[in-house]
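I am opening a notebook on a structure that is new to me, and I will write down what I looked up in the order in which I looked it up.

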Amino acid sequence: MNMPVATRRWNWAPLFFVGPFLLIFGVFILWPMVSSLLLAFQQTFGPETTRWVGFKNFAYLVNDPRFWKAVSNTSIFTLGSLLIQLPVALGLALLLNRPKMVGRSWFRLIFFSPVLVGLPFVAILFSPIFEKRIGLLNVSLNMLTGGAWDPEFAWLQVYVMPALILAALWMYAGFNMIYFLAALQNVPKELTEAAEMDGCNAWQRFWHVTLPEIRPIAGFVTLLSIIGSFQIFELSLLLLNGTSGPSDRGLTIVMYLYQTGFIAGDLGYASAVGWVLAIFLMGIALIHRRLSRGQEED
Amino acid sequence: MRAPFASLLRILSPGAAVVIALALVSSVVVWRMKVEPRDGMLFWVFAPTHFETYQRSVPAWNREHPESKLTMAQLSGPALEQRLVSGFFSGTPLADVFEVERVMAAKAFTGPLEDVGFLDVTDRLHEEGLFDQINAPSFSPWMSRGRIFGIPHDVHPVMLAYRADLVEAAGIDVSSIETWEDYFRLLRPLQEDLNGDGRPDRWLLNAGDTNVEVMQMLLYQAGGTYFDEQDRPILNDSRNAAILARLVTWFTGPNRVSTDLGISSALTNQQILNGTVIGCFLADWTAGSWRMELPGLAGKVKLMPLPAWEQGGRRTSVWGGTMMAINRRSPRTDEAWEFAKELYLSPENAAALFRKTMIITPVKSLWNLPVFDEPDAYYSGQRVGRMLIDLAPDVPPRPSSPYATMAQQLMGNTLIELRAYADQHELYTEEALMPEARRLLEIAQGRLAREIGRNSFLTAKEAP
């Protein structure tokens, strides 16, 4: 029996569809990544004047107090975001997930709306709020405490990180609330009803039923918050008028990268900072992945 | 070869084919498009008030020099800075001539001397006798490793603006004030609790440990500095330690006399208007800004030379600075040089600049222009121009080191830490704070030296 001989034809269609992605990925992601990796081993005075310095940028970074100040500030901000922002977001979601609550759609919109206006707006809004003596926050706290609160409390001069955490809370609590709301709406009602019939109180139902059910989403939101918090830049820059604040109290890792690369012109050292941050964030993502996989297996 | 195209056309809808064809054609057009060479010179300015002042001069220059016409454009400060950095570092197009602020210029001095993007005008200044015509301290920010890279635009002497209405209503005569000690002692009754909450609501000075600009003005006035004559860092100088220790006694403790309102924001201005502070530091250019931004203070405020740190000491300081620089790569450097001279040496421009901005020219031969002797109604009829010119020769030098901003930041951080130490240990005298000031400045010195040492482009001989 004669089998038909398959004519060997080059099929261009897959390449055509993948081509634009490959081109854009190559030009805007792969090539800059390779370039920045090479830059991290050079000292530069702009891209034209460069000198190969091996691992000196990384060695300097290890003992650079400004880098560690940036790491410390960013870590404080991240911790603040995790320990304050996420519980607030979850609390709001639990509150707005109650079916009998009047006007809950409006409240959802109100709490979500700050994220629509963008970080520059938040910075401009909060700058006068944090002002000494005449700022809304100090004046209100002074009134509420019957004059005990010092109106000269220097939010943007001394307590920079708490100020940033507060501003970010206003902006992102509603955003994270949406994730938690979606997760809560997927918790099977039968489970909570069964727990209720078994005599569990509200806290027990939350702890033993709701929380385990929303754990995958909570883990995802936590990962997003950590990555987002470690990349904080615009809020700090705009609230502090383009500076890192007195005594570098508002210096974050990305701001340090920006100052080094684009203000001082040392692209090599800035690349080294960028790579350290990238490797750290990759590590966080891997740990999260490992933990998530462990939970799934459980 | 027909097969792939045929299969491609089979896959694509007509619309997609049109979009791709348009994209390809437009890409080729853009790629092949020729940029017409600019006609004449381009001049970048960042300050709106300078731009307005020069509006008269540019048409006059173009009429008189049709062969080297000039176009003036105003860019925001950050935009100009970014374009300069891009131009110097990667060769993107730049103007032929530009006005540059002090901090922007210092960045150009980080690399090798031959890579500085500004034209070296040292020899031109000396050969044409301009160097001796210009106020000597005005050159300092534009010099690197002994070479000068621009013509100074200004002097920027600093004075103290005080609320004459409040001071005179209290029957206080400020004419006897010579030192800061005199100022604080004489005006102390004005530091009051106005709302009865037990805290002062009015302070004697707009200054604080978190305000690095004010710290720097006071440091320069008192003879402190970041670098020695060879531009080596000397943050740990004992004079600097004494200055910081004294400043902390102004900013905290039982003898506190100041509060920090910040500089030049709407909230700062509102508090100045409210009378939260009696005295503010004012350079010539900020004196001009006040006239525009704080009209409510007209006739209520006066200027006086800064009180000295000790009897017979310096009565002024310096704040900011701008130069006219020429792009080293411009094909028209000689014409740009002629334009820069015409703009900065013209008596008409010097007078117009003072009227508009209160900035006094650094050209000494123009200091006898009548405009500088005119009384100013805003400053209660004082002859502000003459007062500023009298202080001009005594303006302290400013460093041009690319590490000056970092030095300022480190010195500012030291002041903040010293203030925190004072509060923690309740130590509020200069003597008690000196050992800690010295220790903190040693740390700051180490950090600065380490950062400068990392710059592999500068040999030990060249190090800024």
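Predicted model: local features only at pLDDT ≥ 70, side-chain atom pairs only at ≥ 80, totals over all residues.

**Entry 1: chain B as a whole**

Chain B has 464 residues, of which 44% count as buried, and I listed 19 helices and 12 strands in it. Taken along the principal axes, the box filled by the C-alpha atoms of chain B is roughly 95 × 55 × 50 Å.

**Entry 2: a sheet of five strands**

I next followed an open sheet of 5 strands in chain B, whose order is E2-E1-E3-E12-E6 and whose pairing is mixed. Its edge strands are E2 (70-74) and E6 (151-152) of chain B, each of which pairs on one side only.

I then turned to strand E1(B), which runs parallel to E2(B) and is joined to it by 5 bridges; in E2(B), I found Leu70(B) as the bridge partner of Met41(B). Strand E1 (residues 41-45) of chain B also pairs with strand E3 (residues 97-101) of chain B, again in the parallel sense, over 2 bridges. Along that pairing I saw Phe43(B) opposite Val97(B), and Trp44(B) opposite Phe98(B).

Why is E1(B) largely enclosed by the rest of the structure? I found that 5 of the 5 residues of E1(B) are buried, so the strand is largely enclosed. Met41(B), Phe43(B) and Val45(B) point one way from E1(B), while Leu42(B) and Trp44(B) point the other way, and all are buried.

Looking for what lies over this sheet, I noted helix H15 (residues 333-345) of chain B, which lies across E1, E2, E3, E6 and E12 of chain B and runs at about 155° to E12(B).

**Entry 3: strand E8 of chain B**

I looked up the partners of strand E8 (residues 203-206) of chain B, and found that it pairs in the parallel sense with strand E10 (residues 277-283) of chain B over 2 bridges. Strand E8(B) also runs parallel to strand E9 (residues 258-259) of chain B, to which 2 bridges join it.

**Entry 4: where the two chains meet**

Here I counted 26 residues of chain B in contact with 27 residues of chain A. On the side of chain B that touches chain A, the helices H1 (2-11), H5 (77-90), H13 (266-274) and H18 (404-425) each supply at least two residues, and H1(B) gives the most, with 5 residues. Sorting the residues of this side by class, I wrote down 10 nonpolar, 10 polar and 6 charged.

**Entry 5: two helices of chain A**

Last, I looked at helix H3 (residues 65-96) and helix H10 (residues 202-230) of chain A, which pack at an angle of about 145° with their axes 9 Å apart. Their crossing is right-handed. Among the residues that make the contact are Phe77(A) and Leu82(A) of H3(A) and Val221(A), Ile226(A) and Phe230(A) of H10(A). By class, the contact of H3(A) with H10(A) has 6 nonpolar, 7 polar and no charged residues.

Note on methods:
Residues numbered from 1 in each chain as written. Chains lettered and ligands numbered in written order. Contact = placed C-beta atoms within 7 Å. Helix = DSSP H or I, 4+ residues; strand = E, 2+ residues; numbered from the N terminus. Nonpolar A, V, L, I, M, F, W, Y, C, P; charged D, E, K, R; others polar. Axes fitted to C-alpha atoms, helices over the stretch in contact; angles between N-to-C directions. Left-handed = near helix turned anticlockwise from the far one by under 90°. Pairing = 2+ DSSP bridges. Buried ≥ 20, exposed ≤ 12 C-beta atoms within 10 Å, placed from the backbone.
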